[in-house]
Every structure is written in structure tokens, then in C-alpha cells.
Amino acid sequence: MIAALTAVHVVAVVVWIGGVVFVTTVVFPMIMRMEDSMEKVIFFQGTERRFAKIAKICVVIAGITGALLLQLEHRWSSLFSLDGIGPTLMLLLWTMFVFMLLFEAEVFNFLFSGSAQHDTKKIFRKLTVAHWVIMLVSLTVIAVGILANHLKLMK
Ligand code: HEM
């Protein structure tokens, strides 16, 4: 059961974080090369909204399977301790994504409305930096999660 849950958990994480890597390293450079501001905004909102739907499903699956793994392994008490560093970082990252996906529409409306509309280049530069930070943090959490789990198994 634990092995099957871990498999589903990791597949959900791969699809979701793989999407973050794709948007950051492929979609954003394409947007930055576009001349027309309107074209940039439409392309960005189209891709990001489609990806957000897939990400939401994966976030739910990763959350449920992650919680079930903690339950079955009786490891809730290891959260926020060195022993549970992997799941703790996963939970924190997951919570951050839940907030981002819940308030995504509000953030986009704020970014692309009113006076901000005139400075799309600047907005996309900031969004690129934000996506790189999120992507690198996510990949670090994956690496730490795997390392912590395997070092624990070797003890
Ligand atoms: C509610 C959120 C989450 C919880 C409670 C959770 C919990 C867990 C647990 C208990 C395991 C089994 C391994 C262990 O006990 O250390 C695990 C495995 C794993 N999780 Fe999460 N997780 C969550 C979200 C995430 C996220 C956001 C990521 C990626 C960024 C992630 C990546 C992984 C990976 C790669 C493994 C496999 C580790 C291995 O078997 O070597 N998880 N998770």
C-alpha cells in the first residue's frame, strides 16, 4: 500500500513540477521574445490558466497521498523535526502552491489591469524571476525529500 501511494504521489509531483519547469524554461523565454504586449498577456494567461487546471488536480492528489503516507507510516509527529525534514519541506511548499492557485485569478487581474498594463516588459521580467525561484525551490524540495528518505532507509 505504501509503495503504491508513494508511486501515485511521485507521479503527481512529476506532472506538476515538470509543468513548472516547462513554463519557466520554455514558455517564459518565448513570451519575452514577443514584441506585442497584448500578444504576451493573452499567450501567458492562456498557458498559465490551462496549466493551473492540471496543477490543481496534481496538488490535490499529492496532498491526499502525502497525508495518507504520513498516516500509514505514523509519522505525523516527525513533521517540523530534523527526522521529518523531507515531508516538512514538502508540506510547506504544498501550502504555498495551494495559496498561489487559490488566489491566481486575483493576482493576474491585479498585475494586468490599470496602469500596470503599460509596463508589461517589467511585469514579465518579475514573473520570470518569480518562476525561477519557485522552480528551484521545488526541485530542491524534491532532492531533499529523496535524500532524507534514502539516508533514513540506510540507517
Ligand atoms: C501535503 C503535502 C505533502 C506531504 C504530507 C508529503 C509527504 C510525503 C511522505 C510521507 C513521503 C514518503 C517518504 C517519507 O516518509 O519521507 C513522500 C514522498 C515523496 N514526496 Fe511528498 N509530501 C507532500 C508534498 C510533496 C511535494 C510538494 C513534493 C515535491 C515538490 C513531494 C515530493 C515527494 C517525493 C519526490 C517523494 C519520494 C521520496 C522517496 O521515496 O525517495 N511531496 N511525501
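**Ligand shell**

I sorted the shell around the ligand by class and got 15 nonpolar, 9 polar and 2 charged residues. This is a predicted model, so I take every value here as computed from it.

Which residues come nearest to the ligand? Of the 26 residues around it, I noted Gly66, Leu69, Met90, Trp94 and Asn149 as the nearest. The elements giving two or more residues to that shell are α1 (2-33), α2 (37-72), α3 (85-102) and α5 (120-154). Which element gives the most to the shell? I found α5, with 7 residues.

**Overall layout**

I stepped back to the whole chain. I counted 5 helices and 0 strands, and from the N terminus on the order reads α-α-α-α-α. The C-alpha trace spans about 55 × 25 × 25 Å along its principal axes.

Next I checked burial: 15% of the 155 residues count as buried. Then I looked at contacts with a separation of 6 or more, and 81% of those in the chain join residues 24 or more positions apart.

**Confidence**

How far did the predictor trust its own chain? I read an average pLDDT of 91, with 95% of the residues scoring at least 70. Confidence is highest in α1, at 97, and lowest in helix α4 (residues 104-111), at a mean of 79.

**Nonpolar core**

I went looking for the largest nonpolar core and found 6 residues in it: Ala12, Val13, Trp16, Ile17, Ala55 and Ala62. Both α1 and α2 give two or more residues to this core, and α1 gives the most, with 4. A reminder to myself: in soluble globular proteins, nonpolar side chains tend to be buried together.

Leaving aside residues up to four places away in sequence, Val13 touches Ala62 and Ile142. With the same exclusion, Ile17 touches Ser138 and Ile142.

Ile17 got a closer look. Ile17 lies in helix α1. Is Ile17 buried or exposed? I count Ile17 as buried, because 21 C-beta neighbours fall inside 10 Å and the cut-off is 20 or more. Ile17 and Ala55 are 38 residues apart along the chain, yet I get 8.4 Å between their C-alpha atoms.

**Helix α2**

I tested the length of α2. At 1.5 Å a residue, its 36 residues should span 52 Å, and I find the end C-alpha atoms 51 Å apart, so the two agree.

Which residues of α2 are buried? My list is Lys40, Phe44, Ala55, Ala62, Thr65 and Gly66. Gly66 had already turned up among the residues that come nearest to the ligand, and Ala55 and Ala62 in the largest nonpolar core.

For contrast I picked Arg49, which also lies in helix α2. Arg49 is exposed, because it has 12 other C-beta atoms within 10 Å and 12 or fewer is the cut-off.

**Loop between α2 and α3**

Just after α2, His74 takes a positive phi of about 50°, and His74 is not a glycine. His74 is found in the loop between α2 and α3, and I class His74 as exposed because it has 8 C-beta neighbours inside 10 Å.

Phe80 is in the loop between α2 and α3 too. I read a positive phi of about 60° for Phe80, again in a residue that is not a glycine. Is Phe80 buried or exposed? Phe80 counts as exposed, because I find 12 C-beta neighbours inside 10 Å.

**Helix α3**

My last stop was Leu91, found in helix α3. Leu91 counts as partly exposed, because 18 C-beta neighbours lie inside 10 Å.

Methods. Residues numbered from 1 in each chain as written. Predicted model: local features only at pLDDT ≥ 70, side-chain atom pairs only at ≥ 80, totals over all residues. Near = placed C-beta within 6 Å. Nonpolar A, V, L, I, M, F, W, Y, C, P; charged D, E, K, R; others polar. Contact = placed C-beta atoms within 7 Å. Core = buried A, V, L, I, M, F, W, Y, C linked by C-beta atoms within 7 Å. Expected span 1.5 Å × (residues − 1). pLDDT = per-residue confidence, 0-100.
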